[in-house]
Every structure is written in structure tokens, then in C-alpha cells.
Amino acid sequence: MAWPIAEVARMSGVTARTLRHYDDIDLLSPAWVGANGHRYYEERQLLRLQQVLVLRALGLGLPEIGRILAAQVDELEALRGHCRRLLAERDRLDVLAGTVARTIAELEQSRKDGTDMISISRPENLFEGIRSAHCMKALHGFPELVGTVERHTAAMSTAEREADERERTAQMIRLAELLAVGLPADADEVQAEIDAQYRTLARIRAATAEEYCAIGRTCVEDEHWRAAYEGIAPGLAAYQRAAIEAYAATRLR
């Protein structure tokens with residue numbers, strides 16, 4: 001049985017334009033093309049499309065997906081691997097949802113109490129479900145930095161990751177305290193905290209000014225990082241970005 005491209009687009013939620021693009025880059029070719037130029041897909045192509053969509057959902061780019069599909073031999077084993085990745089991602093999102101729920105509860109309580117800042121009762125849990133390597137994927141255009149951090153994170157033990165999360169949480173809390181007293185992002189005390197953060201990153205790889213500014217933007221633009229910062233104090237994500245930009249302009253250029 002074969003399905004025309006319009007029907008495949010309807011079933012999969014992928015536009016016909018995207019399917020044609022997948023064909024153009026040799027990621028997913030139709031089973032055959034009719035005399036009228038219409039593309040038709042059979043079960044084998046639909047299975048491959050499913051794998052493409054699963055890997056896209058896991059955050060992989062099209063070139064990497066192409067390499068993975070080209071290297072796989074056993075489709076059944078490949079699907080088992082995709083299923084394991086999806087289950088791991090589900091578990092990570094469940095933990096992240098719990099972290100955000102606790103943050104919401106703390107925000108609501110702080111507003112009831114009339115306090116300006118959130119009391120973090122479990123700072124070591126602030127990064128549960130959030131991994132540096134995951135968030136680094138938001139740094140488009142800096143593959144060398146992203147690759148180095150991902151390899152470093154993958155090599156860490158559970159205890160090392162937890163210690164890293166606690167240290168980063170403590171850094172964020174110290175920065176929030178400076179925000180709360182009204183210090184500008186380029187104040188000496190703030191810049192000293194940013195320097196400590198930079199030196200932590202430099203133990204993995206020293207970032208250029210452009211790379212470090214991109215990390216600052218990620219604090220605001222990436223939903224995972226923004227939730228973590230705002231979970232400590234409203235406005236902290238933008239404050240971190242401004243402080244990093246000031247640091248890069250004076251220390252890294």
C-alpha cells in the first residue's frame with residue numbers, strides 16, 4: 001500500500017514542503033514518484049519518517065539524524081534505542097516539572113508572606129532535571145564549546161554532577177542577593193561573582209567574549225535556564241545576562 005505525500009503530511013503532522021526537503025537532502029526519499037510528479041510513500045518510508053520525527057523530538061539536527069539512520073542496520077533494535085531515549089527524556093521532564101512546581105509553590109508563598117525574595121529551602125534541587133549539556137544545545141553557532149561541555153558532562157559521575165549543580169545554585173543565589181540590594185550589573189561585587197562563574201567554566205574550556213555573551217543570552221532565551229534563574233528571584237535571568245555582557249566587554253575583549 002502507498003500513500004501520497006498529502007496523506008503522509010496529514011497523518012504525520014509534517015508539511016508536504018518539509019517532506020520534499022527531506023527528499024532533497026536524501027534523508028527520506030519516497031518509494032516512488034508518479035508520472036504526474038507526485039511522491040508516494042510505503043510502509044518502510046513511514047517507519048523511517050517516524051524515526052526522523054523521534055530523533056527531532058530528542059533535539060537532534062537533520063545532519064546528525066542522517067548519520068544515525070545511515071549507520072543503523074537493525075530497524076527493530078534502532079526503535080528500541082529510540083524508545084529508551086524517549087523514556088529517559090520523559091523521566092527528565094517529570095523531574096523538571098516537579099522542580100518548576102516547587103518553584104511555583106515557593107513563589108506563591110513568598111507573595112503571601114509579602115517578601116521580595118524567594119526562600120530556597122532545597123537549593124541543591126534547583127537543577128533537578130536540568131543538565132548543562134541539554135541547555136548548551138540552545139547555543140546555536142558554537143559547536144566547539146557545546147561539544148566540549150557535553151563531553152565533560154557525560155564523563156561526570158552522579159556525585160560530581162550533583163556537586164556541580166549545588167555550586168551553580170550557590171553562585172546564582174549569591175548573584176540574586178546582589179540584585180536584591182540594588183547593585184547594577186557592572187558593579188565590582190557583581191563582576192567578582194561573574195568572574196567566579198567564568199573561572200568555573202574555564203576549568204572545562206575558556207570561552208571567548210562572543211561565546212560567553214551567548215551563554216548570557218541563553219539564561220533568558222532558554223526556558224530551562226530562565227525557569228531556574230527566575231526560581232530564585234524575579235529578574236535574575238536578565239540580571240545574569242547583563243552582568244555577563246559587562247564582564248565580556250571589560251575582561252574578554
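Helix H3 (residues 43-57) has 15 residues and spans 21 Å from its first C-alpha to its last, close to the 21 Å expected at 1.5 Å a residue. That expected span is 1.5 Å times one less than the number of residues in the helix. Helices (H or I, at least four residues) and strands (E, at least two) are DSSP runs, numbered from the N terminus. The model is a predicted one, in which local features need pLDDT of at least 70, side-chain atom pairs count only at pLDDT 80 or more, and totals for chains, interfaces and linings use all residues. Residues are numbered from 1 along each chain as its sequence is written, and side-chain values use heavy atoms, with hydrogens and water left out.

The buried residues of H3 are Gln45, Leu49, Gln51, Val52, Val54 and Leu55; buried means under 20% relative accessible area, exposed over 50%, and partly exposed in between (1.4 Å probe, protein chains only). Just after H3, glycine 59 adopts a positive phi of about 95°.

The strands come next. Two strands count as paired if DSSP finds at least two bridges between them, and 2 bridges join E1 to strand E3 (residues 39-41), the two running antiparallel. Proline 4 stands opposite tyrosine 40 in E3.

The structure holds 5 aromatic pairs, where rings of Phe, Tyr and Trp (its six-membered ring) pair if their centres lie within 6.5 Å, and planes under 30 degrees apart count as stacked, over 60 as edge-to-face and the rest as tilted. Tryptophan 32 and tyrosine 40 form a stacked pair, 4.4 Å centre to centre with 15° between the planes. Tryptophan 32 is partly exposed, at a relative accessible area of 39%. Tryptophan 225 and tyrosine 229 form a tilted pair, 6.4 Å centre to centre with 55° between the planes. Both lie in helix H11 (residues 223-230), 4 residues apart, about one turn of the helix. Tryptophan 225 is buried at 11% relative accessibility, and tyrosine 229 is buried at 7%. Elsewhere, ring pairs link Tyr198, Tyr212 and Tyr247 into a cluster.

Finally, methionine 172 belongs to helix H8 (residues 158-180) and is buried at 3% relative accessibility. Methionine 172 and isoleucine 232 are 60 residues apart in sequence and 7.7 Å apart in space, C-alpha to C-alpha.
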